Amino acid sequence: MSQVMIRHFGIGLVVFLLLPNQADAEENKVSFNRDIRPILSRNCFQCHGPDSTHREADLRLDLEESVKRTSGDELIIRPGQPDQSLLFDRVTSKDPDLVMPPGDSGKSLKPSEIQLIKQWIEQGAPWSKHWAYLKPKSTSLPKVKNQNWPLNWIDHFILARLEQQKLQPAEDADKITLIRRLSFDLTGLPPTPEEVNQFVKDQSRQAYEQLVDRLLASPHYGERMAMYWLDLVRFADTVGYHGDQDHHISPYRDYVIRAFNENLPFDQFTREQLAGDLLPNSTLQQKIATGYNRVLQTSHEGGVQRKEYLAIYAADRIRNFSGVWMGATMGCCQCHDHKYDPYTIKDFYSLVSFFADIDEDQHLRRGSDRIPTVRAPEIFLYKDSEKKQISEIESNMKTTELALKSATAEKDLKQLKQELDKLKKNRAAIDRGATKTMITVSIKPRDIRILPRGNWLDESGPLVQPAIPEFLGSLKNDQSRLSRLDLANWLSDKNGYGLLTARVFANRFWYLFFGRGIAPVLDDFGGQGGPPHYPELLDQLALKFYADQWDVKQMVKFIVMSRAYRQSSLESAAQRKRDPFNQMLNRQARFRLPAEMIRDNALAISGLLVTDIGGPSVKPYQPAGYYRHLNFPKRKYVSHTDERQWRRGLYVHWQRQFLHPMLKAFDAPSREECTAQRPQSNTPIAAMTLLNDPTFIEAARKFAEDVLQHGGRSDTEKIRYAFSKATSRAPEKIESDALMNLLNSNRRVYQSKPKDAHAITNSGLAKTKQNLDAVEIASWTEVTRALLNLNEVVTRN
Amino acid sequence: MNHWNQIQIGLNRRTFLSQSGVGLGAAALSSLLSGEKTATAQSKRQQASIGGLPGLPHFAPKAKRVIFLCMAGGPTHLETFDYKPKLAQMDGKPFPESYTKGQPIAQLQGKALKCQGPLTKFRKYGQNGQEISDFLPWTGKIADEICIIRSMVTEQINHDPAHTFLNTGTIISGRPSMGSWITYGLGSETEELPGFVVLTSVGGRNPQPIASRQWGTGFLPSRYQGVQFNSTGDPVNYLANPAGIGAQQQKELIETVQKLDQFRNQRVANPEIETRIAAYEMAFKMQTSVPELMDLSGESKQTLELYGAEPGSGTYATNCLLARRLAERGSRFIHLYHRGWDHHGDLVRYMNTCCGLTDKPTWALINDLKQRGMLDETLVIWGGEFGRTPMFQGKGGAGRDHHIKGFSMWMAGGGIKGGITHGATDELGYNSVENIVNVRDLHATMLHLLGINHQRFSVEFQGLDTRLTGVEESHVIKNILT
């Protein structure tokens, strides 16, 4: 395999990824969707696929009727007879002019793939529609031998497969690992030592479920789920292009947190974001939700051409919309029919049409280089105190205006006018200071044409009306024109895309709690994305999500209550070798925490974390001059000097062009595009960040103070206290010895350099406790820094 | 894509570990930390490539590295490398509508368009009499080294998307920049400094904003991201030890972390921990080697004067010198930005400013590389995201608007024929008409010189074999190669 990987690193690897279970496949039976379609898609569809403008020999290999038709005297595929099938003939041809795929395509089939095609034809070349476009099918519960293992039906699917493969599920994880896993997975925060103790001691049968229920009820659950959602919808505090000015949107973020906390059904959540403004008597929260349509990247550069940017925004929206809800990569169709999936350029612009009523002209007509920039329409979210002030000012204004009407004396007139001006100024000042947020306002839809090759200067394309992709059927309402609300309803309609949406999200919930999706590519359910490893299980979860009326908490709970979820994440070399991506699910996953959680974790351990929910974004310490490349206007980052310094990572000001370097170092995305799955890197820059970022130094210092105050009397006790606060477990002797050495060595240094000790105790905003010795704090800070840098501390196991 | 990314990370991790000889754990680390080799000795240029993909380069490269001198804002071609006497004749007359009708236009939207003749004189330089304007007398002195391309075209008329296109080959955010592609493909020749470094200079007029997207790694693994060097404060974010913590303490801390991680790894057997140990090792190395790089005290007075460099000033001149030092130490892609070239008005005044800051240092860089025998193996590219209109714009004094249908760049060094001019615009300098060079062709040529066939250098993303050169046709500019 490694040879193949090296030769075809671009292609071989992916195939390797898609087909690893072939050796394990049941009874040697080839599955079209699992085994054959990916080969055809990867190697053939580019020239013999859905894109009609680049189709060779008028042959489509993505349609059954086309594959099973004759070409001249020969059949493309004669079921049962590879030798009489033109397709097989060509892929095995030794003639460089005939062999498929052609040499200059850079693609080639591996012998194992050719063998699969042969077997498939021998087995009658059964065809099926692409799995992701078929509605989820209900399956009966798989039988398992070990009746004791399964806790819910997820486990039946997994155990049945494992038993078939003569594999064992992993042991249950120990209780410490379980509570850490659940706490990070459901709230993004570590458990406190008390919570760990309580859970470990609690021997009752309900202990686990009670823990799950407690975490699901925590307001931090909504924050954790929002972290993921905000990546999908590319939520950010700035416009993204050119001057990257701030815009008003944080109330939308808080809406998302609240929606998850209140367990708003997912179909309604969808509706409110896409079309909350079109709901009858829409509430304030529903209006705020429509910020979704406005949070795309925009440009306020002088000299932007309106038409060009309307086209850029339209494409951005469809990339995001299709990626978020449909798991489709429709971005390709901005310029041409999709190469691999049945989406057409017409489908793309028909979807654009749904969003053609969104008022986004205002900022294009009134471009502004100021901060925040002009992003009307927005709504004001006045605080009660502001509302009171407003009503006072307005009533004063009325009185003054009346007085003005009846006044005649020059002096009175002048005075009243001045008074009125002052009131107006005060009124405007309230608006300036008030919280605002961008919303969607529906205006007369602009005309949408198909833009040939995506070229906005080319107006020769036909006009299109709102419509869903043609191959998925059609959608009608009793008005003349479909609306965003119709589209949103279609996404949750059983007869529309509903069950497919449910599958896209069942997969993503799974990913949140297993580190990988059941289908490997979370935002591409198309032909190139790779089929699910447990298709029946994924279908069952999708059906459940729908049947439960889109109850997200119930879905999450069901997943984390499974035995599969509770497995240990330890992995043997043999397991890794046989199934490197854990597609069989005979163990849990271990992965580095997401960026925000790395921050939250350190702040939580140190006791600095401020757990307020929502509000305007916050500015933690950031290297000086980090925004020097920004202009229009130039700006200086001023970090907050109050409690906002220690808020959770998801509230950090999200500057698209210059994301906070700590978040960036740990793979948080810029949120310019939809991110369904973050990469997980391990770089020297990240190491330097965790070592030296003032936030972590401050956290380490406060952690050290806590150790000195509450860690016990002896150094050994203190090390034990510190270690278990960071890892939730007791240190082994080697571990505490290493830390003890570090401590004593630093004591020697700081005793001889008390100034350095004071440099540590004087750094950061959080004041050092007066009664503690600076040398001791500084020395212990090195110990706690070491702890915060441990792999174990930043890993979810 | 994400699985793909993970595999890539895995793959690169393996090659990284095996080829760089790090990640061997305690033994390698202790030799590093014991200071057997001095930092200086370690940072001398290493021949072996570190990281990079198996099978690359596809063929013998002409250039080992790239220094891209990006003149952000869109320098005028009509006052640098593309002299248009006809435009001078027509100065002040209406610009022929046959050129402009239906064409994209930026700030001049809806305005009357009139010809603006060249705002400076040109001279002929070098053996082949290359025409270069009086704004660039020092560039004139390297006329025999550079190949001027007068027929560039791009697709985007506003700065931000035009930069994104120039750097990533597409305007969609989230795609890898050329420096990331190249370090991903070829690795680097240093393990102590980033393979892809970005230096932006201070000075000049109101600077163009530049997004970090321009050196982003997109869907490639994060370690191929361009690392931005700062001229003030920490040269790299979070590079310095925190106040009150000495180098020896930092070293001891890192050793302790690694020891604990290694011990834990005996219990949990997680390969990720090994990668992490290597990352901490590299971080520690960078904490030494980056300050050493930035320290210009070892450079002769003569060299400093040649560039006009002043340590710590953050000027373009200093960055040019740093570029040479990075090149010596094995960085693969060195991207300089000078951001003052958006001359909608007062073009003469601002050209004097911009050229005053950049012309001589650019000359010095080429000369210095040549003297050190490095020019042959270093590809140097000069240019911006677009050019400027032959039409007048008058924000302040006479200036020019953004222009994408024809503009100039130059290339020099590894594998490039010096002393020639390639391509031409029409007589008004509006459209490229001869040997047109698209940004994609520039990418293809750059990759070619580095030994990469651009068609065979792809990574799958969202189902597509994604390339720097994109899906449209692109060609290596054969005529300008040695």
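In the predicted model, helix 9 of chain A, through A:Ile179, A:Leu182, A:Ser183, A:Leu186 and A:Thr187, meets helix 11 of chain A at A:Leu211, A:Val212, A:Leu215 and A:Leu216. Sorted by class, the residues of this contact comprise seven nonpolar and two polar ones, with no charged residues. The two axes, those of helix 9 (residues 175-187) and helix 11 (residues 207-217) of chain A, come within 9 Å and cross at roughly 25°. Since angles under 35 degrees count as roughly parallel, helix 9 and helix 11 of chain A are therefore roughly parallel to each other. The crossing in which helix 9 of chain A passes helix 11 of chain A is right-handed.

Elsewhere in chain A, A:Ile36 has its place in helix 3 (residues 32-43). With 21 other C-beta atoms within 10 Å, A:Ile36 is buried, because the threshold for that class is 20 or more. When neighbours within four places in sequence are left aside, the contacts of A:Ile36 are with A:Val30, A:Leu116, A:Ile117 and A:Trp120. A:Ile36 and A:Glu113, which are 77 residues apart in sequence, have C-alpha atoms 8.3 Å apart in space.

Taken as a whole, chain A contains 33 helices and eight strands, and its C-alpha trace spans about 100 × 85 × 50 Å along the principal axes. For 797 residues, a compact globule would have a radius of gyration near 28 Å, and the 30 Å found for chain A agrees with that expectation. Of the 797 residues of chain A, 51% count as buried. Among the contacts in chain A that link residues at least 6 apart in sequence, 67% join residues at least 24 apart.

Chain B, for its part, has 14 helices and 17 strands, and the C-alpha trace of chain B extends over about 80 × 55 × 40 Å along its principal axes. The radius of gyration of chain B is 23 Å, in agreement with the value near 23 Å that a compact globule with 482 residues would have. Buried residues make up 63% of the 482 residues of chain B, and, among its contacts between residues at least 6 apart in sequence, 78% join residues at least 24 apart.

Within chain B, helix 14 (residues 439-449) is mostly covered, since eleven of its eleven residues are buried. The buried residues of this helix include B:Arg440, B:Asp441, B:His443 and B:His448, and also B:Leu442, B:Met446 and B:Leu447. The elements of chain B against which the buried residues of helix 14 pack are strand 1 (65-71), helix 7, helix 8 (178-186), strand 8 (378-383) and strand 15 (437-438). Just after helix 14 of chain B, a positive phi of about 85° is taken by B:Gly451.

Between the chains, 76 residues of chain B are in contact with 80 residues of chain A. On the side of chain B that touches chain A, at least two residues each are supplied by helix 1 (2-20), helix 7 (159-168), helix 9 (247-268), helix 10 (271-294) and strand 16 (458-461) of chain B. Helix 9 of chain B gives the most to this side, with eleven residues. By class, the residues of the side of chain B that touches chain A divide into 31 nonpolar, 32 polar and 13 charged.

Note on methods: Residues are numbered from 1 along each chain as its sequence is written. Chains are lettered from A and ligands numbered from 1 in the order in which they are written. This is a predicted model: local features need pLDDT of at least 70, side-chain atom pairs count only at pLDDT 80 or more; totals for chains, interfaces and linings use all residues. Two residues are in contact if their C-beta atoms, placed from the backbone, lie within 7 Å. Helices (H or I, at least four residues) and strands (E, at least two) are DSSP runs, numbered from the N terminus. Ala, Val, Leu, Ile, Met, Phe, Trp, Tyr, Cys and Pro count as nonpolar, Asp, Glu, Lys and Arg as charged, and the others, Gly among them, as polar. Axes are lines fitted to C-alpha atoms, for helices over the stretch in contact, and angles run from 0 to 180 degrees between N-to-C directions. Angles under 35 degrees count as roughly parallel, over 145 as roughly antiparallel, 65 to 115 as roughly perpendicular and the rest as oblique. A crossing is left-handed if the near helix is turned anticlockwise from the far one by less than a right angle, and right-handed if clockwise. The radius of gyration is taken over C-alpha atoms; the globule rule is 2.2 Å times the number of residues to the power 0.38. A residue is buried if 20 or more other C-beta atoms lie within 10 Å of its own, exposed if 12 or fewer, and partly exposed in between; C-beta atoms are placed from the backbone.
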